[in-house]
Amino acid sequence: MGGVSGPELASAVARAGALGMLCEFDALESADERMTNALAGADGGAVGMGFFGHRVQDDLATFEAAAARLRVVEVFWTTPDPLLVSRARSAGVALVAWQVGSLDHALAAQDAGCDFVIAQGVEAGGHVRGTQPLEQLLREVSERVSIPVVAAGGIATAESAAWAVDAGAAAVRVGTAFVATQESRAHPVYIDALLAAQSADDTVLTTGFSGGWPDAPHRVLKSALAAAEAFEGDVVAEGGPPGARRPIARFSSATPSRHVEGRIDAMALYAGTGVASVTSVPPASDLVAALVSRLG
Ligand SMILES: Cc1cc2nc3c(=O)[nH]c(=O)nc-3n(C[C@H](O)[C@H](O)[C@H](O)COP(=O)(O)O)c2cc1C
């Protein structure tokens, strides 16, 4: 989760025994620095990095470095690509995964040589490839794909994690709930908005926050979209490292990290339908422990 999952969060999740994911982008440090810091804090736990298929070609050096140094490299959004998978294989021993939103792409990920696939249901927070409810997608994918399937979208409790594993998932991917953890880089106003959300109906699937990434559906808090629509002006906030601050346009797809200043409430407050279960801001290790507490 760009802007949210820095080395502090990824390593805390890894130390707790889960897979902590970094994003290829973050305004604060280079990808190399974030890998180094996450690995240093992980105590030997598993750290991975996620990439966007439509951008990875511009930064293959980072992709290869991640495949050489980390446990997992993962690609999202585009059609699974066997050439990219073999590039990762040549660079290192990382497992290679693809996050997909359809059976066709899950089969393509398997054919491309991926080690596992993440099936993302339409309930997910952030950018959403899935168009089907997770239950339906997970059933279709687990019936047809022989590599392990990770379930993503709307999972924020021990009960929903256990349900997904019972329904055939080898593991679960959780995003939104980790935004509200102590190690998250999310802005406090963003975290408070997650805590205030009462139900899945407080989220909306939209293409509204399209700045920098047009026509890509994403799920956000309804309140954020309404605030952005009501905002008058072109620039809602300012972000970036000290000395290189940049304006953030209204309807930008940027995630509000705690280093952003301005109208955070009118930025893309990504949230999945499980947001109603986000009621506190625990250490990430407590959240990992809670999520796995009903797994056999
Ligand atoms: C704030 C936020 C940022 C995200 N950023 C990314 C990203 O950079 N790359 C990616 O592959 N998925 C990203 N996702 C989507 C997650 O990989 C995952 O599909 C989703 O969080 C699962 O649904 P949930 O949020 O309901 O748990 C993001 C999700 C959120 C909430």
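How many nonpolar, polar and charged residues does the shell around the ligand have? By class, that shell holds ten nonpolar, 13 polar and two charged residues. Please keep in mind while reading that this is a predicted model.

**The ligand and its surroundings**

Let us stay with the ligand for a moment. It is surrounded by 25 residues, and the closest are F76, G125, G126, G175 and G272.

**How the two domains meet**

The domain assignment of the protein gives domain 1, which covers 7–180 + 279–291, and domain 2, which covers 188–274. Taken over C-alpha atoms, the centres of domain 1 and domain 2 are separated by 22 Å. Across the boundary, 21 residues of domain 1 are in contact with 18 residues of domain 2. On the side of domain 1 that touches domain 2, the elements giving two or more residues are β6 (126–127) and α8 (176–179). Of these, α8 gives the most, with three residues. By class, this side of domain 1 has eleven nonpolar, nine polar and one charged residues.

| Helix pair | Angle between axes | Axis separation |
|---|---|---|
| α1 (residues 7–15) and α2 (residues 31–41) | about 35° | 8 Å |
| α2 and α3 (residues 60–69) | about 15° | 10 Å |
| α5 (residues 103–112) and α6 (residues 134–144) | roughly 35° | within 9 Å |

Starting with α1 and α2, their crossing is right-handed. By class, the contact of α1 with α2 has three nonpolar, three polar and one charged residues.

Helix α2 also packs with α3, at an angle of about 15°. That angle makes α2 roughly parallel to α3. The crossing of α2 and α3 is right-handed. Which residues make this contact? From α2 come A31, D32, M35 and L39, while α3 brings T62, A65, A66 and R69. Sorted by class, the contact of α2 with α3 has five nonpolar, one polar and two charged residues.

The residues to look for are L103, A106 and L107 of α5, together with E140, V141 and R144 of α6. What is the make-up of the contact of α5 with α6 by class? This contact has four nonpolar, no polar and two charged residues.

F76, G125, G126, G175 and G272 are the closest residues to the ligand.

Conventions:
Residues are numbered from 1 along each chain as its sequence is written. This is a predicted model: local features need pLDDT of at least 70, side-chain atom pairs count only at pLDDT 80 or more; totals for chains, interfaces and linings use all residues. A residue is near a molecule or strand if its C-beta atom, placed from the backbone, lies within 6 Å of it. Ala, Val, Leu, Ile, Met, Phe, Trp, Tyr, Cys and Pro count as nonpolar, Asp, Glu, Lys and Arg as charged, and the others, Gly among them, as polar. Axes are lines fitted to C-alpha atoms, for helices over the stretch in contact, and angles run from 0 to 180 degrees between N-to-C directions. Helices (H or I, at least four residues) and strands (E, at least two) are DSSP runs, numbered from the N terminus. A crossing is left-handed if the near helix is turned anticlockwise from the far one by less than a right angle, and right-handed if clockwise. Domain bounds come from an automatic or database domain assignment. Two residues are in contact if their C-beta atoms, placed from the backbone, lie within 7 Å. Angles under 35 degrees count as roughly parallel, over 145 as roughly antiparallel, 65 to 115 as roughly perpendicular and the rest as oblique.
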